Amino acid sequence: MQSPVTNNKNHSMTLTEKILARASGREFVVPDEVVFVKVDVLMSHDPCTPGLASVLKKEFGENAKVWDPTRFIMIPDHFTYSADPQANHNIRIMREFAKEQKISHFYDVGTPNYKGVCHIGLVEGGHARPGEVLLGTDSHTVTAGAFGAFAIGVGITDGAYTLGTGEIPLKVPTTIRVNYTGTKPPSVQAKDLILVLLKQLGVAGATYQAIEFGGNVIDELSIDERMTLCNMVVESGAKNGIMVPNKATLEYLDSRTNVPFTVVEPDVNANYKHVVVN
């Protein structure tokens, strides 16, 4: 693990802005500008991988190769127990594509490496790392924000473009800062915390915005609880949920990956669209 990214004294940035600045090779970024971002990890599951493979070959040629076979994570999870032959056909396509492209991380169903739900698979496989840009063809890819990553869901077209280039154009989101402070009663669970926030924001109250969690309660939560918070930000329209990894998270990462990563922290005087204190 490397040291936290230091503050930029001239341009204060949120956690999401700092990650996107690094990934776009910029000193700083500001909300609403569009930047080309280098992607660290792309995940796809069985509903979308056949579409990604098809668009990749249509747009980049029949002999097109993925930009990096070590960074494309394939996890079948939606139709693994379906008796429908057409649904299972998606997984057969995944197997063919993984073999053709020499994909390093294909967690095939029925094997000892199978990971189950893709969001959990990314975490257990050590693919959700601080400071990185992680895309997935599922809206709840935002779960990985609990590990300090900029993690978002994308559609097949954006996923296929990333698959061929390793990049994606993104509009930098504004950020809502949400602080949970005080003492959390034992009867209050992480699901309760996020449901209250969703009620406050409404179903579209955070549309295309980052939700950055902080406060002493967040620091004290378990990994599962932190993942629960980030998982549900899309229910208010948010682009991503994110938080600085705590001690428990970093210890877990050390047991799951040898890939070096950089912990990113928001600037103390970062500019937020607004701050919610719960």
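A: Start with aspartate 108: its relative accessibility is 11%, so it counts as buried (under 20% is buried, over 50% exposed, partly exposed in between, with a 1.4 Å probe and protein chains only). The model is predicted: local features need pLDDT of at least 70, side-chain atom pairs count only at pLDDT 80 or more, and totals for chains, interfaces and linings use all residues. Residues are numbered from 1 along each chain as its sequence is written, and side-chain values use heavy atoms, with hydrogens and water left out.

Q: What does aspartate 108 meet in a salt bridge?

A: Arginine 95, at 2.7 Å from N to O. A salt bridge here is a side-chain nitrogen of Lys or Arg within 4 Å of a carboxyl oxygen of Asp or Glu. The two residues are 13 apart, with aspartate 108 in the loop between strand 4 (105-106) and helix 4 (118-124), and arginine 95 in helix 3 (residues 85-101). Helices (H or I, at least four residues) and strands (E, at least two) are DSSP runs, numbered from the N terminus.

Q: Is arginine 95 buried or partly exposed?

A: Partly exposed, because its relative accessibility is 36%.

Q: How many salt bridges does the structure hold?

A: 11. Another one joins arginine 177 and glutamate 212, with the closest N and O atoms 2.7 Å apart. That pair links strand 8 (residues 174-179) to strand 9 (residues 209-214), 35 residues apart. Arginine 177 is buried at 17%, and glutamate 212 is buried at 1%.

Q: Which residues are linked in a network?

A: Arg22, Asp40, Asp68 and Arg71 are linked by salt bridges. Within it, arginine 71 and aspartate 40 have their closest N and O atoms 3.9 Å apart.

Q: Changing topic, what does the side chain of serine 12 join in a polar contact?

A: The side chain of asparagine 269, at 2.7 Å. A polar contact is a pair of N or O atoms within 3.5 Å; within protein, one must be able to donate a hydrogen and the other to accept it, and residues adjacent in sequence count only if both atoms are side-chain atoms. Serine 12 lies in the segment before helix 1 (15-23).

Q: And how confident is the predictor?

A: The chain has a mean pLDDT of 94, and 96% of its residues reach 70 or more; pLDDT is the predictor's confidence in each residue, from 0 to 100. Over residues 1-9 the pLDDT is below 50. Where pLDDT is low, the predicted coordinates should not be read in detail.

Terms used
Contact means heavy atoms within 4.5 Å.
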